[in-house]
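Here are some quick notes to read alongside the coordinates. Have a look at the model first, then go through the points in order.

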Amino acid sequence: MGEFKLGRMTLKSLFSKPATKLYPFEEPTYYQETKGHIVIDVDKCRYCGVCANLCPTNAIEVDRKAYTWTIDRFRCIQCRNCVHVCTESALIMANEYAEPSTEHVREVFEISPEEREKREAAAAEKAAKAAKLKEEALAKKKAKAKEE
Amino acid sequence: MGQRTVIPFGPQHPVLPEPVHLDLVLEDERVVDAIPQIGFIHRGLEKLVEKRDYQRYVYVAERICGICSFGHSFGYSRAIEALMNIEVPERAQHLRIIWHELSRMHSHMLWLGLAADAFGFESLFMHTWRLRERILEIFERTAGGRVILSVCTPGGVFSDIENTELRAICDILATMRVEYDQICATFFEDSSVRSRLVGVGVLSQETAREFGTVGPFARASGLAIDGRMTDTDAYSKLVAFEPILSNDGDCYARCWCRAQEVRQSIDIINEMVDKIPQGEVRAEVKGNPAEGAEAFARMEQPRGEAFYYVKGNGTKYLERFRVRTPTAANIPGMVAAIRGCDLADVPNIILTIDPCISCTER
């Protein structure tokens with residue numbers, strides 16, 4: 001006779017803790033590798049746009065001039081591709097899932113004012129240097145043409 | 001001869017969520033013919049190779065199926081590796097097989113649960129799925145996702161699993177095996193299960209061969225077809241690999257084959273963990289596939305052999321990508337198994353081929 005084969009296991013289950021978690025009353029377990037949501041350290045970002053170009057769902061937008069990094073959480077599939085391609089390690093995959101939302105909003109991350117000032121100053125310096133070099137090259141060219 | 005009646009089955013049916021439609025031709029309660037129809041869930045994923053570059057397409061490939069998602073990303077990556085002559089590091093090969101065998105275990109346990117639910121054994125269904133949850137936890141611990149792992153890529157895998165973690169996985173599987181054996185005892189010995197499965201939907205070895213069936217469906221009819229037997233990847237490093245075979249060809253044999261394959265997968269994972277070498281897990285993939293270059297890869301997915309074909313056109317986008325999934329090969333065999341059965345056994349027979357219509361239509 002082969003009845004009640006599962007009896008012992010079922011009885012055990014009757015007196016043990018539920019196998020499932022009573023979310024949201026109990027905290028979910030996150031592991032070190034759990035793919036929750038993408039977090040950016042905007043001050044580390046170079047705004048190169050590689051993450052946006054290689055995103056399989058085009059969830060990311062990068063504006064180099066305005067120093068903004070935008071993500072559409074509804075489009076993100078947590079593939080971690082942007083994390084793999086980021087050369088500055090500015091992107092990390094946080095373990096907690098993104099907050100649920102009923103509205104389709106894009107999250108915009110802006111650079112901090114201090115960092116913006118620093119970068120703008122560096123950019124201005126670089127532009128000035130380039131202009132100076134260009135001027136010098138032009139002057140040299142002119143002088144050479146005069147000699148000839 | 002009684003009057004013939006045609007009864008529609010599916011595409012929405014309580015026993016299986018897969019959208020397959022069958023026109024069942026009945027004579028009284030006996031099914032004399034079944035006409036299958038698919039085409040309710042086509043998503044055009046193959047066409048997307050023209051829009052996603054070959055490295056990014058792996059994220060689409062793994063969405064072909066929600067159950068063997070790792071298997072599809074693995075198969076696609078292998079096809080690309082064959083196309084571009086990429087040598088995958090040994091450690092990555094071993095890790096891929098560990099994940100692939102884990103996904104076979106979770107697929108079979110999911111199926112065993114669904115089968116139990118189909119023949120009305122609710123508590124067996126719950127216990128099987130409770131056990132399957134541990135595999136999903138292993139996935140989350142190692143790859144970060146429970147179903148879609150996004151860990152396999154052309155050239156290797158994105159993340160490594162530390163050796164201590166691999167040992168911990170073996171320990172989890174060892175404890176799981178004890179409980180799994182109790183569940184299997186119910187599947188194989190309980191008289192209510194046997195009465196629903198033994199002698200139902202018999203497919204002979206000749207018919208199975210004739211219709212080109214694959215996977216556990218073919219192996220339950222005694223056909224020794226298993227892609228892992230001839231695999232050149234890390235599977236070839238296994239000391240011995242014998243496919244699980246049964247000669248009965250009925251629903252019970254299909255159930256038995258899948259249940260035994262879970263045990264076999266545990267053994268394969270243990271052996272892979274013992275043999276895994278140290279080293280890199282990802283080879284660099286540079287350049288684009290050459291124009292007109294073609295390649296294919298064969299994989300033993302949980303449901304049977306899958307075939308992946310890729311063709312390059314000199315750009316970062318592929319010219320063509322094609323998948324032949326195991327269910328596509330098994331549908332003619334399923335129709336043959338249904339012929340002659342009782343109407344009440346149809347859901348059981350359909351379920352025992354483990355159909356994945358989403359894969360088949362892509």
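1. Start with A:Thr70, whose bridge partner in strand 5 of chain A is A:Val108. This is a predicted model, so to speak of a pairing here is to speak of what the prediction shows. Strand 3 of chain A (residues 68-71) runs antiparallel to strand 5 of chain A, and four bridges link the pair.

2. Zooming out a bit, these strands belong to an open sheet in chain A with three strands, ordered 2-3-5 and paired antiparallel. Strand 2 (60-63) and strand 5 (107-110) of chain A sit at the edges, each pairing on one side only. From one strand to the next, the twist averages 15 degrees.

3. How many residues of chain A are in contact with chain B? It's 18 from chain A, against 24 from chain B. The chain A side of that contact is made up of nine nonpolar, four polar and five charged residues.

4. Now chain B, which has twelve helices and eight strands. Its radius of gyration is 21 Å, which agrees with the value near 21 Å for a compact globule of 362 residues. The C-alpha atoms of chain B fill a box of roughly 65 × 45 × 30 Å along the principal axes.

5. Of the chain B contacts between residues at least 6 apart in sequence, 70% join residues at least 24 apart.

How values were computed. Residues numbered from 1 in each chain as written. Chains lettered and ligands numbered in written order. Predicted model: local features only at pLDDT ≥ 70, side-chain atom pairs only at ≥ 80, totals over all residues. Contact = placed C-beta atoms within 7 Å. Nonpolar A, V, L, I, M, F, W, Y, C, P; charged D, E, K, R; others polar. Helix = DSSP H or I, 4+ residues; strand = E, 2+ residues; numbered from the N terminus. Rg over C-alpha atoms; globule rule 2.2 N^0.38 Å. Pairing = 2+ DSSP bridges. Axes fitted to C-alpha atoms, helices over the stretch in contact; angles between N-to-C directions.
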